[in-house]
Amino acid sequence: MSRHHHRRRSSTPSVDFEDYDDEEEETSVRMRCVSCKEDYRSRDAGTCRDCYEEASETEEELKREIEDLKAKVNFLRFWAPPHHGSSTSGGGGGGGGGVPLFSDVVLVAASHDDDDDDDDDQSAPVPANRALLASRSPVFRAMLENEMEESLSGMIKISDVSYDALRAFVTYLYTADACLDELMACDLLVLAEKYQVKHLKMYCEKFLISKLNWENSLPNYVFAHQHNAKNLLDAALSLIMENMDKLSKQEEYKELVDKDPRLVVEIYEAYLSKQVNTAVHKDPVTKT
């Protein structure tokens, strides 16, 4: 009896040790992140924290790119003809007969000094399609679908714009793409605002924001304010407020004080508001 009793007691702890050994082995297993090659425990499962955060940022960037592509596709989709048949006359504009496949209107870069009867000083015309212009811009639609001068003459005069900017503008209306530098982006943003081409306006704002630095932040802020470019305005203002100690030393600042002091006041108001909010978050008021 005693031998049997001893054997039964010894079997119980052996099971406990096996369970303990299994748990120890499980927690001691180390794995390697496929991204950064750093080791991590198996219970951390998957990826190390740094790589996980980096992957999350990449995912957000991809989502933004997808949204941009969707917006571009939607922008280009509007002018696709609903039928294969094409309309051939000048009453055009997005009617049910389909989109004409040829140019039936021209755009001309003209200054305010040009006389209506003097076409010699005007730049070369940029040909375009009525239905395409009408589908891209509500302003063009109003011009071309009603009995306005532009609709009757087949000529749209665009004031205060260079030929290169006008050609790039029309090209964008066809392709949703443009070769930009900072000057061209500003010119196209002005045209986009004037003719209510929202996709182009966002495209130019995004480019100008990518080129922001301390030296051009104030001019960009003024430009954005003039043309209702909110995204560019906010980005430029944020950069200005990060360098308020240097603001008054800028030559553009001195010019702005003389020309439009209202904008200077807005900058300081935004800065003071930010300082107050920061102070509130750091030192919350305690109720007594």
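Modeller: F140, F169 and Y195 form one aromatic cluster. Rings of Phe, Tyr and Trp (its six-membered ring) pair if their centres lie within 6.5 Å; planes under 30 degrees apart count as stacked, over 60 as edge-to-face and the rest as tilted.

Biologist: Before we go on, what kind of model is this?
Modeller: This is a predicted model: local features need pLDDT of at least 70, side-chain atom pairs count only at pLDDT 80 or more, and totals for chains, interfaces and linings use all residues. Residues are numbered from 1 along each chain as its sequence is written, and side-chain values use heavy atoms, with hydrogens and water left out.

Biologist: Thanks! How many aromatic pairs are there in the whole structure?
Modeller: A search of the whole structure finds 4. One of them is F140 with F169, a tilted pair at 6.3 Å centre to centre and 45° between the planes. This pair links distant parts of the chain, 29 residues apart: F140 is in helix α4 (residues 138–145) and F169 in helix α6 (residues 163–175). Helices (H or I, at least four residues) and strands (E, at least two) are DSSP runs, numbered from the N terminus.

Biologist: And how does F169 pair with Y195?
Modeller: That pair is tilted too, with 6.0 Å centre to centre and 40° between the planes. F169 lies in helix α6 and Y195 in the loop between α7 (182–194) and α8 (198–210), so the pair ties together parts that are 26 residues apart in sequence.

Biologist: Are F169 and Y195 buried or exposed?
Modeller: Both F169 and Y195 are buried, and F140 is buried as well. Buried means under 20% relative accessible area, exposed over 50%, partly exposed in between (1.4 Å probe, protein chains only).

Biologist: New topic: at what angle do α9 and α10 pack?
Modeller: The angle is about 145°, and their axes are 8 Å apart. Axes are lines fitted to C-alpha atoms, for helices over the stretch in contact, and angles run from 0 to 180 degrees between N-to-C directions.

Biologist: Which residues make that contact?
Modeller: On the α9 side they include W214, N220 and F223, and on the α10 side L232 and A236 are among them. By class, the contact has 11 nonpolar, 3 polar and no charged residues. Here Ala, Val, Leu, Ile, Met, Phe, Trp, Tyr, Cys and Pro count as nonpolar, Asp, Glu, Lys and Arg as charged, and the others, Gly among them, as polar.

Biologist: You mentioned N220. Why does N220 count as buried?
Modeller: Because its relative accessibility is 7%. Leaving aside neighbours within four places in sequence, N220 is in contact (heavy atoms within 4.5 Å) with L208, L212, L232 and A236. A polar atom of the N220 side chain also lies 2.9 Å from the backbone oxygen of N216.

Biologist: Last one: where is N228?
Modeller: N228 sits in the loop between α9 and α10. This residue has a positive phi of about 55° although it is not a glycine, and at 53% relative accessibility N228 counts as exposed.

Definitions and conventions. A polar contact is a pair of N or O atoms within 3.5 Å; within protein, one must be able to donate a hydrogen and the other to accept it, and residues adjacent in sequence count only if both atoms are side-chain atoms.
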